[in-house]
Amino acid sequence: MQTTQVDYFPIIMQLLLAVGFVAGTIFVSNFLGPKRHSMNKDKNWECGVESIGNARIPFSVKYFLVAILFVLFDVEVIFMYPWAVNFKAMGAEGLIKMSIFMLLLVVGFFYVIKKKGLEWE
């Protein structure tokens, strides 16, 4: 199948429209938004509680590890939905491929459990 530059025109137009909308929204909101500053408005607040101390305190990497593992396993579950919808159409070949996929998922899950990646200290 041959593609030409004209085939990419809708993609380029959508990209330009999206970038233009974002840039235009930021530009217009800068001029239309209120510009009243005061000591109370310029204070840093976190969930309604006044910030005290340095914001750059170190915290455990486990937080990021659990978040990344959640996203990883969540995205893998997303791949199961198309398979479930097309289960009959894919036949035995689809079943074998999904079995391999699930086996790798379970092996990865047991590896994470063995390394105690989901345990809080």
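Reader: How many aromatic pairs does the count come to in this model?

Author: The model is a predicted one, and rings of Phe, Tyr and Trp pair if their centres lie within 6.5 Å. By this rule, the count of aromatic pairs comes to six.

Reader: What kind of aromatic pair do Y63 and F64 form?

Author: The centres of the rings of Y63 and F64 lie 5.5 Å apart, with 75 degrees between the planes. Planes over 60 degrees apart count as edge-to-face, and therefore the pair of Y63 and F64 is edge-to-face.

Reader: Is F73 buried or exposed?

Author: F73 forms an aromatic pair with F109, at 5.6 Å centre to centre and 85 degrees between the planes. This pair links distant parts of the chain, with F73 in helix 2 (residues 62-78) and F109 in helix 4 (residues 87-114). Buried means under 20% relative accessible area, and because F73 has a relative accessible area of 17%, F73 is buried.

Reader: How far apart do the end C-alpha atoms of residues 95-113 lie?

Author: The UniProt annotation "transmembrane region", from an unreviewed entry, covers residues 12-33, 63-83 and 95-113. In the model, the span of residues 95-113 is 100% helix and 0% strand. The distance between the end C-alpha atoms of residues 95-113 is 26 Å.

Technical notes:
Residues are numbered from 1 along each chain as its sequence is written. This is a predicted model: local features need pLDDT of at least 70, side-chain atom pairs count only at pLDDT 80 or more; totals for chains, interfaces and linings use all residues. Side-chain values use heavy atoms; hydrogens and water are left out. UniProt positions are given in the numbering used here, feature names are shortened, and annotations may be inferred rather than shown by experiment. Helices (H or I, at least four residues) and strands (E, at least two) are DSSP runs, numbered from the N terminus. Rings of Phe, Tyr and Trp (its six-membered ring) pair if their centres lie within 6.5 Å; planes under 30 degrees apart count as stacked, over 60 as edge-to-face and the rest as tilted. Buried means under 20% relative accessible area, exposed over 50%, partly exposed in between (1.4 Å probe, protein chains only).
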